[in-house]
Amino acid sequence: VDEQDEVSINLDQNTFFYQGNMNAGTPLPWLVGITYLLDGKNTSASELSGAAGKLEIVIDVTPNTSDAHLQGYTDHYLLQVSGSFGTDVVSNLVAKDATIADAGSAKSVNYMVLPGEAKEFTVSADVTDFTFGGFQIAGVPLSIALDLDDQDTSSMTESMSELQNAIASLDSGAAQLAEGSASIATGLNTLAAEGSRLSGGSVLISNGLSAAASGLEQLGAGSALYYNGINLTMQNIVNELGFVPNLADAETLLSQAEEAQAELVAGCSTGISTVSDSIPEIINTLPADQAIVALEGALASYKTNTIDNLAFVNMAVKQAQEYVRVATVYQTLAGLSAGYEALNNGIAQSATGMRVLSREYSTFNSGVSAYVGGTQTLAGNYSTFNSGLDSLADGTAQLHNGTLTLDQDLVNGIKDQFAGFLGGDYTPQSFADTRNTNVEQVQFIYMIDGVPAPDKQVVEEEPAEESENAFTRLLALFGL
């Protein structure tokens, strides 16, 4: 029963199929263009029947940005572009970035277009008596549940584990350094206060120097591991993301997304008020059946223009927040790396000097009597240095505790970022009419005509039969 813009069907519980013919001007989610070049010259498909020479076929696929409703498909759908070429008419076939498979006496060429991408593909070959069946482009939702807990993430977390071990060594070395410094401070104070007991104080100083040298050497080893770990971690982040994260860009992106979110939230209130204000006028000025259609149209327009956009912007805000978090980690590591090289060299030099000082202290001890006066000043100044080393030890301990879960935090951050891209929570909308609900699946098939055989007899069919055959072929593509 067809009544105005509503079609109802009375039948039992068996499956039925319904075909609707779109207007020729209906915008589609992807714009597809195809160009044929025979021996470098632009040639129409009809002129290629039975042709010979060097053939290039250029296929251009671009998301249609003219309609916001179509963006839901182009942002979440995967396209597969497929064509088959007979080996009796095609040789030396080249299709960069394609998957080429032998299928009997033909070669199947397949391309993939990821959500949101625009692609241009080129297929080239030497042809003789050319003919082929054309291209088919299938669009299906990209919805993949990626569980990194079931994946081997050791390549990502191995360097993090090394970094954590380096920080632990750094913490241990700092503690030993603080302990050795305390011994030095004790020795200096003893030397300054009791010149007559210089020998005993020298022994304490010698022991303290030895402990300090060991601590500095261990600190230097840990520092080198920590420095290398920082750089390796930064590189791994870049490798995983595919680009160098920039905090300023991330914060700008988040700010823009939040501004868009705020504008859309405000727009929701304005839209509701607008629809609400229009209800009395519609009811009072239109017959009941026309008023219902007008109200439904107003509500559908409000949903399409505001609520759906708000859901998209909310997802963009979440992704921008995750990008800010990753960029913050990267910038923190970059700051540590920038200042740590000089510190690392200084620690190594200090360790070498401390070890030499410990070995040569026996010679120094012979002249220590004349040095007693100076040690009193040294002891006073060293207390400040010793306090700094205590603070360093406390800081490395906090750093150690704060990075105990750094490897899992990285995996969790990557999981959160990829969850939005893979579209696991995407719900398709009806392409025919946004008022349709409970839509389980929407797929697209583009059919690009091929080149017929040279002397093939083309039999024109009645319009009704042609429509039925096209529909039958469409059902076969989905296995129905």
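Two strands count as paired if DSSP finds at least two bridges between them. Strands themselves are DSSP runs (E, at least two residues), numbered from the N terminus. With that in hand, here's a quick look at some strand pairing and a cavity in this predicted model.

Local features need pLDDT of at least 70, side-chain atom pairs count only at pLDDT 80 or more, and totals for chains, interfaces and linings use all residues. Residues are numbered from 1 along each chain as its sequence is written, and side-chain values use heavy atoms, with hydrogens and water left out.

**Strand pairing**
- Strands β6 (residues 77-86) and β11 (residues 135-141) run antiparallel, joined by seven bridges.
- Look for tyrosine 77 and you'll find proline 141 of β11 standing opposite.
- β11 also pairs with strand β12 (residues 444-448), again in the antiparallel sense, over five bridges.
- Glutamine 136 has methionine 447 in β12 as its bridge partner.

**The cavity**
- Searching the whole structure turns up one cavity of 30 Å³ or more.
- A cavity here is a set of points on a 1 Å grid over the protein atoms alone where a 1.4 Å probe fits but cannot get out.
- The volume of the largest cavity, about 40 Å³, is the space filled by probe spheres set on the points, which are joined across faces, edges and corners.

**Its lining**
- Lining residues have an atom within 4 Å of a point; for the largest cavity they are Leu55, Ile57, Phe85, Val90, Leu93, Val123, Ser124 and Ala125.
- β5 (53-63), β7 (90-95) and β10 (119-127) are the elements giving two or more residues to this lining, and β10 gives the most, with three.

How values were computed. 1 Å grid on protein atoms, 1.4 Å probe; cavity = no way out; pocket = protein on both sides within 12 Å on 5 of 7 lines; lining within 4 Å. Helix = DSSP H or I, 4+ residues; strand = E, 2+ residues; numbered from the N terminus.
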